[in-house]
Amino acid sequence: MFVLLQFRHKKDKRMAGKQKFYVVWSGREKGIFRTWAECELQVKGFETARYKSYETEKEAVEAFRSGPPAFSRKPFVKASLPDSGKGPIMASISVDAACSGNPGVMEYQGVETSTGRLLFHQGPFPEGTVNIGEFLAIVHGLGYLKQRNLKIPVYSDSKTALKWVKDKKSNTKLELNKKNADLMFLLRRAETWLQQNSWENPVLKWDTAHWGEIPADFGRK
């Protein structure tokens, strides 16, 4: 079945770089866009926006026809543990982030460790880093649990993000610009939340070497 794609041909005034194609499955207007500026018009402020960038036109066309990718909901597999290994605390949540490039398009999510059930998801953000995403995911998880008065652990596989949470401040080198302004606002808000709140939830390192990928993993490695 032929799918009508909505392309834009206006040239972007940014410095010449590698061409990307932006697929919008849910937005003010659906289709494939050749610049972030035009994609942003369709998704910014659109509550249920679903979009993603691709390196080639062929990938973008196939992705648009196939529909938006499902969020990762991978349950923890006990069989992945060595016989004598001690597994994670199953009554917990796990968080993770994915970023295409550094910086690049970034998103993060949190799931139930035991079932992989999606609890929250944010993004994609047009310009971010995986460390920022991992940090925001942990803080989002802590806020999520505090709001529900749940005193269970939060797992992350990022040493950097865990240190940032401990310090209650990020150490990103990403500089503020128009493209990442919304994300940087969330970052500062997360730092403020850490500084103004207390929590009883342990924030723990996921043992990837023994347990496999964290259940919140996006599966894009």
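At 4% relative accessibility, Asp 217 counts as buried (under 20% relative accessible area; exposed is over 50%, partly exposed in between; 1.4 Å probe, protein chains only). Asp 217 sits in the segment after helix H6 (208-211). Helices (H or I, at least four residues) and strands (E, at least two) are DSSP runs, numbered from the N terminus. The model is predicted: local features need pLDDT of at least 70, side-chain atom pairs count only at pLDDT 80 or more, and totals for chains, interfaces and linings use all residues. Residues are numbered from 1 along each chain as its sequence is written, and side-chain values use heavy atoms, with hydrogens and water left out.

An unreviewed UniProt entry places the feature "binding site" at Asp 96 and Asp 217. These residues span 122 residues in sequence, yet no two of their C-alpha atoms are more than 5.6 Å apart, so they gather at one spot. UniProt positions follow the numbering used here, feature names are shortened, and annotations may be inferred rather than shown by experiment.

Asp 96 belongs to strand E4 (residues 93-101). Asp 96 is buried, at 3% relative accessible area. Beyond four places in sequence, its contacts (heavy atoms within 4.5 Å) include Glu 134, Asp 157 and Asp 217.

Glu 134 and Asp 157 also carry the annotation "binding site" in the unreviewed UniProt entry. They span 24 residues, yet no two of their C-alpha atoms are more than 8.5 Å apart, so they gather at one spot. Glu 134 lies in helix H3 (residues 130-147) and is buried at 5%. Asp 157 occupies the loop between strand E7 (154-156) and helix H4 (159-167). Among the contacts of Asp 157 are Asp 96, Glu 134 and Lys 205.
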